[in-house]
Amino acid sequence: MTTNIPPQPHMHLRADATYPFDARGVAKRFRHAAIFGALDALHSGEAMDFINDHDPLPLLDQLRSRYGEGIDWVYLERAPHMIRIRFNKKD
């Protein structure tokens, strides 16, 4: 007997939560839209640890235009073929 358990929604119970986002598994043509969607879903005080295989400088320019001071970021790792950036949602 199989039971279908619906997925539970994320409850955002902690304002200081950090969520992972590995862009390497997302098709390149969908990456920016997926990243914007993930950032839009964050609540103030939450963060997203972004992983990528290259430095996303054009994306960072788009984030500045789209979010202004609403999101800041810091590189956690900046090596060839491994980029880790923490995005912090502010409001």
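Predicted model: local features only at pLDDT ≥ 70, side-chain atom pairs only at ≥ 80, totals over all residues.
Side chains of opposite charge can pair when their charged atoms come close. Under the criterion of a side-chain nitrogen of Lys or Arg within 4 Å of a carboxyl oxygen of Asp or Glu, the model contains eight salt bridges, and three of these pairs are considered here in turn.

A salt bridge joins the side chains of Asp53 and Arg31, with an N to O distance of 3.8 Å. This pair links distant parts of the chain, 22 residues apart, since Asp53 is placed in the loop between strand E2 (47-52) and helix H2 (57-67), whereas Arg31 belongs to helix H1 (residues 28-41). Asp53 is partly exposed, at 28% relative accessibility, while Arg31, with a relative accessible area of 8%, is buried.

Within helix H2, Asp61 and Arg64 are three residues apart, about one turn of the helix, and their side chains form a salt bridge at 2.9 Å, N to O. Asp61 has a relative accessible area of 45% and is partly exposed; Arg64, at 45% relative accessibility, likewise counts as partly exposed.

A further salt bridge is formed between Lys90 and Asp72, whose closest N and O atoms are 3.9 Å apart. Because Lys90 lies in the segment after strand E4 (82-89) and Asp72 in strand E3 (residues 71-79), the pair ties together parts that are 18 residues apart in sequence. Lys90 is partly exposed, with a relative accessible area of 32%, and Asp72 also counts as partly exposed, at 31% relative accessibility.

Note on methods: Residues numbered from 1 in each chain as written. Heavy atoms only, no water. Helix = DSSP H or I, 4+ residues; strand = E, 2+ residues; numbered from the N terminus. Buried < 20%, exposed > 50% of the residue type's maximum accessible area, 1.4 Å probe, protein only.
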